[in-house]
Amino acid sequence: MNRRLPALAKYAALAVAAVLTLGPVWWTFTTSLRPASESFSLPPSFVPLDPDFSSYAAVFAQLDMPLLVLNTALVTGVIAVGQMLTAAMAGYVFARMSFRGKGLLFALVLSTMMVPVQVTIVPVFMIIRGLGVSDTLLALILPAIPTAFGTFLMRQYFLGLPLELGEAAAIDGASPWRTFFAIYAPLALPGMAIVGVLAFNFHWNEFFRPLIFMISEENYTLPLGLVTLQGNLGTGSISVVLAGVILSMIPAVVVFLFGQRPLREGLTAGSSK
């Protein structure tokens, strides 16, 4: 019996954590299925006895959801792929190549992680306007492709890969580019998957930069478009707002489910080396 107590305590702690994490999501979903008259009913009901899907129809009636999803998917997809490539190349350079000032340069890259995006938004906006891509999707994509966290993560991943592979390739006459793309990059795919999944989930929900950079409604991303649903709060119909939130969560959840295996393999790869 005493041996079962630690296991029971562990499962109890996990159950409490699951309830605290998924409880708000479940409440959001159930509230989106209530009629407007029951949006603020107390005590709140966590089981929709008479589900009403009219709120989801109202979201599609008030928003151009296909366009918002397309814009957001394009932005997040390009950023995720761009971060995977740039982080892998930068991480490989910092891990495997020697040059003067490498330590200082890497420290500068890491220091950018401590600078909030609100501090750099004005100079970034000036650069974007100077490039002539303001109020376009490129204004969201270009500044987000370099990633200090991804560079750090990939550097640590490459440091865990065998050094002998690169030395053998150099003896065979392979250039640094060929060594990276033919040998190390395929081995680093789990680490790159981590960067890609994290980048997708972060930028799918990003609101601040689109709010600053986007003016035309045809360039709105999904989080920015959902703000227009706030008008429903004046009528007490919070269910329409929460229906939009649920719809915006679906693509990110799908990406996470499909990327869960490479994400798990990437996180545990370093412990097996």
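**Figure 1. Which helices each supply at least two residues of the lining of the largest cavity?** They're helix H3 (65-96) and helix H10 (189-204). Helices here are DSSP runs of H or I with at least four residues, numbered from the N terminus. Keep in mind that this is a predicted model, where local features need pLDDT of at least 70, side-chain atom pairs count only at pLDDT 80 or more, and totals for chains, interfaces and linings use all residues. Residues are numbered from 1 along each chain as its sequence is written, and side-chain values use heavy atoms, with hydrogens and water left out.

**Figure 2. A look into the largest cavity.** Searching the whole structure turns up one cavity of 30 Å³ or more, and the largest cavity holds about 40 Å³ of space. Volume means the space filled by probe spheres set on the points, which are joined across faces, edges and corners. Among the lining residues are Thr72, Val75, His203, Trp204 and Glu206. H3 gives the largest share, three residues. By class, the lining has five nonpolar, four polar and one charged residues. Ala, Val, Leu, Ile, Met, Phe, Trp, Tyr, Cys and Pro count as nonpolar, Asp, Glu, Lys and Arg as charged, and the others, Gly among them, as polar.

**Figure 3. Zooming in on the largest pocket.** A pocket is an open set of points with protein on both sides within 12 Å along at least five of seven lines. The largest pocket has a volume of about 990 Å³. It has 29 lining residues, and Pro143, Ala144, Pro146, Thr147 and Ala148 lie nearest its centre. H10 turns up here too, giving the largest share of this lining, five residues. Sorted by class, the lining has 19 nonpolar, eight polar and two charged residues.

**Figure 4. The second largest pocket.** About 160 Å³ of space sits in this one. Its lining includes Tyr92, Arg96, Met97 and Tyr184. H3, helix H8 (163-171) and helix H9 (176-187) are the elements that give two or more residues to it. The lining splits into seven nonpolar, three polar and one charged.

Figure 5. An unreviewed UniProt entry places the feature "transmembrane region" at several spans, including 73-95 and 179-204. Residues 73-95 are 100% helix and 0% strand, with end C-alpha atoms 32 Å apart.

Methods
On a 1 Å grid over the protein atoms alone, a cavity is a set of points where a 1.4 Å probe fits but cannot get out, and a pocket is an open set with protein on both sides within 12 Å along at least five of seven lines; lining residues have an atom within 4 Å of a point. UniProt positions are given in the numbering used here, feature names are shortened, and annotations may be inferred rather than shown by experiment.
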